[in-house]
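Trainee: I would like to go through this model with you. Could we take the sheet, the helices and the backbone in turn?

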Amino acid sequence: MLGTIVDTVQTNPVGAVSGLLVGLLVIFWVVPFLYNLFFSPLRNVPGPFWARFTILWEFRQLVKGRSHEEYIKLHKKYGPVVRVSPNRYSVIDPQDVKKIYNFGGNFLKSEFYDCLGDPKNIFTVRDNEDHKDRRRKVASLYTMSTMVTYEDAVDRMTTICMKKMNELAASRNLVSIPQFMQFYAFDVIGEITFDQNFGMMENMGDTQGIIKEIHTLNNTIGFMGLLPEFQSAFRAAQRVFFSGTSGGKVNEYIWSQYWKHRKTNTGVKQKSQYDTFLRKVLDLEAAHKVGRNNVLDSCGANIGAGSDTTGITLSAALWYIYSNPDKLAKLRQEIDSMTTAGHISDPVTYKQAQDMPYLNAVIKETLRVHPGVGTILARVVPKGGMTLTGGYYVPEGTHIGTNAWPLHYSEKVYGPDADQYRPERWLEDKPQPDYRDSMMFAFGGGSRTCIGRNISLLEITKVLPQIVRKFDLRFEEKKDSWDAWCAWFVYPKYKCWIEPRKPTESEA
């Protein structure tokens, strides 16, 4: 038999190669397609025609940069369960979501998260027990009671932010608010984590190329996550053609700070203005409670994910507030009246902000209408499978998950006006049943909820009222003044003029 094959290759190499390609096509495409079409228990799940054939349909949506919007359209058209590729399904029914992201559940992250390679971190690690152990070791660093100890650091960066916005107002130049808000978020993270901000606001630029690298990594997650069979080749190509590994500058900066601060942690401790994240991790390491991997877990998560989430949310909040004069007026009325009554200071403390109902409603509504991540948080169905809403049985090994965008725009969860920006919904009587808080996926869901969410909420809660009380934003007067682009994170794009706040009629 082997001799026959060898003879065929020698006498007719073109025919042999053609036959091999046809055979591979039948094995890897035709057979799975026929199974999905006629025999799979999921054969009746609706979705785009080409999504039944190939993952390239979903990949194409990423290339267009509008996949977050496409998912909303898909679920409005097809219902709570949608096929987006031959083995990937998007679900938004609250009962299904709870099953998949249950805190004690056994749904593992899919191969989607292997795209950044090794070493694994608290975000990319797929094993739930490994993740649980990593999270447990650093969880105390992320409680809100710990966060408020960094208020002075946030206030210092907010002072720089206000100073820079005054300069930008005086220059009368168009400003990219999303870019500037990310500069702010990075400087705060640097100050909190290392007692050294990045100087991005002062220099109005990505001083060390870290933002560019992180955006590249986040886009890599979006694109290469869909193509697990090509991930090894992609990483090898990175090493050959770009002489480095993913996360190079970020990791390099973290370790440079690690060794710098580790030296000051020996002998007599020379404390900074407060105990930074890194100093606390070093104390835990000295007590043999954490290892080197936990340093990267905490500091890396702060820089790699925290800055993007915060910058995106602040940018979206400012857009929606200033695009809706009635919402802006309500928020300013709350700030001004509480300032006059002596209930809030300048700057607002986090504790004071908890008694500002409209501010908190604005933040929650912004997280709802513009969650940071715009794709499925994919999980693998465990042994025994599961049954979804509508009676669909999903066999083990299937990739399934929720995308925050269609979930947050679901009328079943947020009502018939789910497509409107309306902070007032969070101040009204709760609907029954009330899924709204449990289905907020701006920071993910279940045990994999973003560990740094409290850092982001602290920054947003403190800086947002400062900007609103002091500045007006005037957007470009053009047809499409707002845009957004998504591969993993959904990055807003818009520009405006910054102006000092105009006095009210009573102040004039």
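Predicted model: local features only at pLDDT ≥ 70, side-chain atom pairs only at ≥ 80, totals over all residues.

Trainee: What is the strand order in the open sheet of five strands?

Mentor: The order is β1-β2-β8-β5-β3, with mixed pairing. Strands here are DSSP runs of E with at least two residues, helices are runs of H or I with at least four, and both are numbered from the N terminus. Two strands pair if DSSP finds at least two bridges between them.

Trainee: Which strands stand at the edges?

Mentor: β1 (81–85) and β3 (108–109) do; each has a single partner strand, so one side of each lacks a neighbour in the sheet.

Trainee: In which sense do β1 and β2 pair?

Mentor: β1 pairs with β2 (residues 88–91) in the antiparallel sense, over four bridges. V82 has S90 in β2 as its bridge partner. Helix α4 (residues 67–78) packs on the sheet and touches β1 and β2, where contact means heavy atoms within 4.5 Å. The direction of α4 makes about 130° with that of β1; axes are lines fitted to C-alpha atoms, for helices over the stretch in contact, and angles run from 0 to 180 degrees between N-to-C directions.

Trainee: And β12, which strands pair with it?

Mentor: β4 (residues 175–176) pairs with β12 (residues 495–500) in the antiparallel sense over two bridges, with S176 opposite K495. Five bridges join β9 (residues 471–475) to β12, also antiparallel, and R474 stands opposite W497 there.

Trainee: Changing topic: which residues of α6 are buried?

Mentor: In α6 (residues 128–138), N128, H131, R134 and V138 are buried. Buried means under 20% relative accessible area, exposed over 50%, and partly exposed in between, with a 1.4 Å probe and protein chains only. These four lie on the same side of α6 because they cover an arc of only 125° around the axis, the arc being that of the directions from the helix axis to the C-beta atoms.

Trainee: What is on the other side of α6?

Mentor: E129, K132 and R136 are exposed there. At the start of α6, a side-chain oxygen of D127 comes within 3.1 Å of the backbone nitrogen of E129.

Trainee: How many disulfides are there?

Mentor: The structure holds zero disulfides, a disulfide being a pair of cysteine sulfur atoms within 2.5 Å. C161 is buried, at 0% relative accessibility, and C299 is likewise buried at 0%.

Trainee: Now the backbone: which peptide bonds are cis?

Mentor: A cis bond joins D346 and P347, with omega about 10°; P347 is in the loop between α16 (325–340) and α17 (350–353). The bond from Q432 to P433 is also cis, with omega near -5°, and P433 is in the loop between α20 (411–414) and α21 (453–470).

Trainee: What about M204 and H288, is each exposed or partly exposed?

Mentor: M204 is partly exposed at 30% relative accessibility, whereas H288 is exposed at 74%. M204 has a positive phi near 50°, and H288 has a positive phi near 60°. Most residues other than glycine have a negative phi.

Notes:
Residues numbered from 1 in each chain as written. Heavy atoms only, no water. Polar contact = N/O pair within 3.5 Å; in protein donor to acceptor, adjacent residues only side chain to side chain.
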